[in-house]
Amino acid sequence: MQITPISAAKADPVLWARAQELEATFLAEMLKQGGLGASEGLGSGGIGEEQFTSFLREAQAKLMVQKGGIGLAEQIFRSLAEKGAA
């Protein structure tokens with residue numbers, strides 16, 4: 001059975017939203033580890049820039065998930081839905 005984002009959102013909108021949040025958190029961490037927003041040297045803004053860069057990464061990760069993401073939310077949803085049905 002193939003679960004699409006539309007059918008998942010209709011079947012259990014709360015679970016689907018949580019699965020998307022988990023995917024966004026994962027993607028934000030991957031963007032951080034990949035160095036997105038990292039700046040060094042004279043142009044770096046210190047701790048303030050570092051904190052606001054995390055907001056940028058989170059927003060970009062959420063947008064990535066809204067545009068389809070990497071399919072992690074679907075896998076999370078499917079796994080949790082199966083466990084709930086059992």
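Predicted model: local features only at pLDDT ≥ 70, side-chain atom pairs only at ≥ 80, totals over all residues.
Q: Where do I start, and how many helices and strands does the protein chain have?
A: Start with the elements. The protein chain has 4 helices and 0 strands. From the N terminus on, the order is α-α-α-α.

Q: Which share of the residues counts as buried?
A: Burial is read from relative accessible area, and under 20% counts as buried. Of the 86 residues in the protein chain, 21% fall in that class. The chain exposes about 6,100 Å². Carbon and sulfur atoms supply 60% of that area.

Q: How do I read the contacts along the protein chain, and what part comes from residues 24 or more positions apart?
A: Take the contacts with a separation of 6 or more. Residues 24 or more positions apart account for 85% of them. Methionine 30 and arginine 57 are 27 residues apart in sequence. Their C-alpha atoms are 9.4 Å apart.

Q: Take one helix. How many residues does α2 have, and what span does it reach?
A: A helix can be checked against its expected span, at 1.5 Å a residue. Helix α2 covers residues 13-33. It has 21 residues and reaches 30 Å from its first C-alpha to its last. That is close to the 30 Å expected.

Q: Which residues of α2 are buried?
A: Read along the helix and pick out the covered positions. In α2 they are Leu15, Trp16, Ala19, Glu23, Ala24, Leu27 and Ala28.

Q: How many aromatic pairs does a search of the whole structure find?
A: Look for rings whose centres lie within 6.5 Å. The search finds 2 aromatic pairs. One joins tryptophan 16 and phenylalanine 77, with ring centres 5.8 Å apart. Their planes stand at 80 degrees, so this pair is edge-to-face; the cut-off for that class is over 60.

Q: Are tryptophan 16 and phenylalanine 77 buried or exposed?
A: Check each value against the cut-off. Tryptophan 16 is buried, at 8% relative accessible area. Phenylalanine 77 is buried too, at 4% relative accessibility.

Q: What about phenylalanine 52 and phenylalanine 55: how far apart are their ring centres?
A: Their ring centres are 5.7 Å apart. The planes are at 70 degrees, so this pair is also edge-to-face. Both residues lie in helix α3, residues 46-66. They sit 3 residues apart, about one turn of the helix. Phenylalanine 52 is exposed, at 58% relative accessibility. Phenylalanine 55 is partly exposed, at 49%.

Q: Now charges. How many salt bridges does the structure hold, and which side chains meet?
A: Look for a side-chain nitrogen of Lys or Arg within 4 Å of a carboxyl oxygen of Asp or Glu. The structure holds 1 salt bridge. Arginine 18 and glutamate 21 meet there, with N to O at 3.1 Å.

Q: Why are arginine 18 and glutamate 21 separated by about one helical turn?
A: Count positions on the helix. The two residues are separated by about one helical turn because they are 3 residues apart in α2. Arginine 18 is partly exposed, at 45% relative accessibility. Glutamate 21 is partly exposed as well, at 44%.

Q: Last, the surface. Which residues make a nonpolar patch?
A: Phe26, Met30 and Ile70 make a patch of about 290 Å². Methionine 30 belongs to helix α2. It is partly exposed, at 42% relative accessibility.

Note on methods: Residues numbered from 1 in each chain as written. Heavy atoms only, no water. Buried < 20%, exposed > 50% of the residue type's maximum accessible area, 1.4 Å probe, protein only. Patch = residues over 30% accessible without salt bridge, like charges linked within 9 Å, V, L, I, M, F, W, Y side chains within 5 Å. Areas by Shrake-Rupley, 256 points an atom, 1.4 Å probe, with all protein chains shown as cover. Contact = heavy atoms within 4.5 Å. Phe/Tyr/Trp six-rings, centres within 6.5 Å; stacked < 30°, edge-to-face > 60°. Expected span 1.5 Å × (residues − 1).
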